[in-house]
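Please read this note alongside the sequence and the structure.

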Amino acid sequence: MLCRRLNRWLGGDESRVDSRTIYVGHRPSTTEAFIPPKFCDNRIVSSKYTVWNFLPKNLFEQFRRIANFYFLIIFLVQVIVDTPTSPVTSGLPLFFVITVTAIKQGYEDWLRHKADNEVNKYPVTVLENGRRMGTESEKIKVGDVVEVNEDETFPCDLILLQSTRDDDTCFVTTASLDGESNHKTHYTVPDTEKDLDSLSATIECEQPQPDLYKFVGRMHIYKTDREPEIRSLGPENLLLKGATLKNTQRICGVAVYTGMETKMALNYQGKSQKRSAVEKSINAFLLVYLCILVSKALVCTTLKYVWQSKPGQDEPWYNQKTQREKETNLYLKMFTDFLSFMVLFNFIIPVSMYVTVEMQKFLGSFFITWDRDFYDPEIQEGALVNTSDLNEELGQVEYVFTDKTGTLTQNNMEFIECCIDGFQYKYRDAVSELDGFSATDGPVSKLQEKAGKEREELFLRALCLCHTVQVKEPTGRGQDHTDSMAGVDGMEGCPPPHEQTGFIASSPDEVALVKGAMRYGFTFLGMESKKMKIMNRSNAIETYDLLHVLNFDPVRRRMSVIVRSKSGDVLLFCKGADSSIFPRVRQEEVEKIRVHVERNATEGYRTLCVAYKKLSPEEYARADADLQAARLALQDREEKLIAVYNQVEAGMTLIGATAVEDRLQEEAAETMEALQGAGIKVWVLTGDKMETAKSTCYACRLFQRGTELLELTVRTLEDGVRKREERLHDLLLEYHKKAVQDVPPTKPGGSRGWSKPSQDFGFIIDGASLSMVFNSSESSSSHYKNLFLQICQNCTTVLCCRMAPLQKAQIVKMVKCSKGSPITLSIGDGANDVSMILEAHVGIGIKGKEGRQAVRNSDYAIPKLKHLKKLLLGHGHLYYVRIAHLVQYFFYKNLCFILPQFLYQFFCGYSQQPLYDAAYLTMYNICFTSMPILAYSLLEQHICVEVLLDNATLYRSIAKNAMLRWVPFFYWTLLGVFHGLLFFFGVRFLFGNPALQANGQVFGNWSYGTIVFTVLVFTVTFKLALDTRHWTWINHFVIWGSLCFYVIFSFFWGGIIWPFLKQQRLYYVFAHMLSSASAWLVIVLLILLSLLPDILLVVLRKPLGPHARQRQADESGAGGPKSSAQPLLMRTFSDESNTVV
């Protein structure tokens, strides 16, 4: 495996062959020499570490972080150079940080090892020389014939050779791969031996690649005295590792990809690391404090040598230099002094802040998981947090990019109506149905006239035949499956056994169409041995041979089947999007159908067009030969197949169209309205038709009645005179003038995104026009993109329709990289949304019906769209406020801590004498002040959650990283300087009195430092208590508990003679200090003076900021004071406070 990885890294993959040859059962053919090929084993390795490399690899990764590496350098300097503080003061905090992180990462990797072992040791059955042998999954080799039973997972990627089902198929669910719980049908290789022990065959297939839905190969079957038979292999023959066998008793397959070469393993890759805006702010603030640190060290070093240059100061009579000191190089001595000052002041850089931030993010993520409002009883699941690194980003979102189907809508399809030859047939909930299309008795009403009976039946046959739906007979009473839909009750003409028929399909659209055909008397009965059976309105069974399936793909946007009727006619039925079908039919048929399609799309329905073509024997023979040849190709198979598809699907006859309703998600309109009220711009990115998506935007209140729509689509670009690119340029300039240039400028201090313009604009663009914007000539592409972006940024809502998945990602990337780097969020529920989910700053998956691939690739997952409102406006708002206060508070309290140490050097001859004891230096950030801020950052609710949800505009007060800008940062820095100066000079004023103790003794330098430290600890803790708006028993416990712990520790540390200490500086210092009334007075006075500005701010400040808006909203909401809305778990005692946190 290592050699294979090295080969890949060194570019060996490019030179290796594009296919591999596999001998089924390791039996060589009789016509060629057998050289056993070498492939990787079937072991899965998802872990990062082993027992042997954990320590060096983990340490290397941790010391790649700048802060950790910085403190390692400081620690080494303390060890090597004679510094004023013990190496323990830097080494112990660093050791704590490294140890906690290593334990966390080690535990996570142990879980990965455990999961790997469960997979690798899983018992499997291998057929070897006609015998069934039990073995472990990791021992499977490429070429082994493996047996899998029902409800078991496939241990590797297999080619299906044999199935116990009569039709040589098996059903599979791929929920663990792409999250889709729908049953998929796979087929055995045709004409293989029933006795696999006598099968002599080789498989030639492509090298491993991660695309789950792509596989190209062919199988050579060797028989005695006959030419080898060649069979095409495709995705329908490949059973993927991790998928589960369903509704099939047993299958046998040959292993083609094993271990880390399986498609599941190739898709297992870590998402790119996303960094939050808070982390970037922390790094910027660290640079500022690093500059302050270096400046302090330079100032002290310079002043030391200036002071020592005076006569008698360099070598006083009581401190003579040794011979070694006299011989030391002056510049080396200056450098070591500089390093010593760096060590002395290094605590201004808060290494423990990283641990606290990590713990805050990790523990804080559980509040999302535990939130009962996110629980959905339908799927019996709540929210899911895949990464906790982005919690605060939820409070900074400026753009939301949302999918339509399954996100804004439910992806629960219901057949509404159809159109045949231009005549509308609308289904009503009637009590009976006589002939399916009766104008007077049945549920279908005609407008004007009806289409001919033959056309009606041809249309219904197309609905019953053109699909990949499988019929699932019920296995027991009360059985309920999420992937099946019951038949229609009360429909006459259908035999009772089929009334409760369930359908298995990978798309709810197909089930809705088959169910719609059942309503009108045509019932799909299933498929046996490539024969499709349907029951017509006369209760007669019709049988069709399924010859070929021309599969659906997002590029073609259509699918077709080729069938042969009993009479021998070969028919092609095709269904797909109107943009895909209309160019392939006779144009005189298009207009009468287009009217209905556009009307249905305007009403918000999903539309599909249906066409057919009768193939002559010569046409079918040619198409069959071309399809067989394309499917046997190993190179460019997909391109060749699409070319044949396009050739066969030309010249069709348009029959009609269908309309299927996809209803809005619960509270979708309210959620979108709240997001826009919060100043968030919503963009809808969908692959649907423009009319359907536009109708959905109106229903969701993204477009209002007064919104002026600016449309840039293929329709608006059509101009018989000018080229499309010229028309594109003119339209962009016109829209730019209207939406950007002619809009009056916003007021100073206001934000364009939040101001209410005189005219709301909505922008609509389709995929083809977007390709022209992005892919035009280099000179004009950048100009077009700038115009397009400026127009979109000035519109309240942007709708992008007919979008490919890659285009969705391009849109997100364009906005993400625009001026100001706005925070983006993408939300979707399907595999086609994964690209934009990964591209955005924050990706959210919805646990919908299109599978769980979006959930697996997202940062957060929620059951429904309505939960996005609380996730952003509630949790996101609080997370950002908490962590912003945590970061500012950490820098503030460390500046308060080190500034007195810096000032002390001016009074001790720059001798690098520490002001604080080593124990205090070590435990200040670890024990004395760490727990209160951690509890605050987890539990603080400066505004009640219910109020945040009711008043979306409160979200704007923290937008654009408002609490971590330079102005708040400098405010906290100045506050730290003020407190540090007050601590130092306040205590120095106390020491102006020579007799501070009852016995006439004076305090020493350690008493000085201890008093300063005591004032420091109490002040910074009380400061946090004043900032706390939401008190719980936990806050009380950690705040008062930390102060009690400091006092107890100081008595304990100074009251005992510790045998392991060479010198005990604080012996009885703390006790003697507290015996002085003067010391008590100064401590209390300095604490009160330090906090006096905060106390006055609370008392005198006018109600500004979110608290005033909260109270005003409460009073205006009920015409008077509103009953206090309390949080779910805890209660606020100071909701009425005016202080802005």
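Where is the place of Asp 421?

1. Asp 421 sits in the loop between strand 16 (409-420) and strand 17 (423-427); strands (E, at least two residues) and helices (H or I, at least four) are DSSP runs numbered from the N terminus. This is a predicted model, in which local features need pLDDT of at least 70, side-chain atom pairs count only at pLDDT 80 or more, and totals for chains, interfaces and linings use all residues. Residues are numbered from 1 along each chain as its sequence is written, and side-chain values use heavy atoms, with hydrogens and water left out.

2. Most residues other than glycine have a negative phi. Asp 421 is not a glycine, yet its phi is positive, about 55°. Its relative accessibility is 18%, so Asp 421 counts as buried (under 20% relative accessible area; exposed is over 50%, partly exposed in between; 1.4 Å probe, protein chains only).

3. Ser 821, also not a glycine, has a positive phi of about 45°. The loop that holds Ser 821 runs between helix 24 (805-816) and strand 32 (824-828). Ser 821 counts as partly exposed because its relative accessibility is 46%.

4. Helix 11 (residues 352-370) and helix 27 (residues 867-904) have axes that come within 11 Å and cross at roughly 165°. Helix 11 is therefore roughly antiparallel to helix 27 (angles over 145 degrees).

5. In the contact (heavy atoms within 4.5 Å), residues of helix 11, including Met 353, Val 357 and Phe 367, meet residues of helix 27, among them Leu 871, Tyr 879 and Phe 890.

How values were computed:
Axes are lines fitted to C-alpha atoms, for helices over the stretch in contact, and angles run from 0 to 180 degrees between N-to-C directions. Angles under 35 degrees count as roughly parallel, over 145 as roughly antiparallel, 65 to 115 as roughly perpendicular and the rest as oblique.
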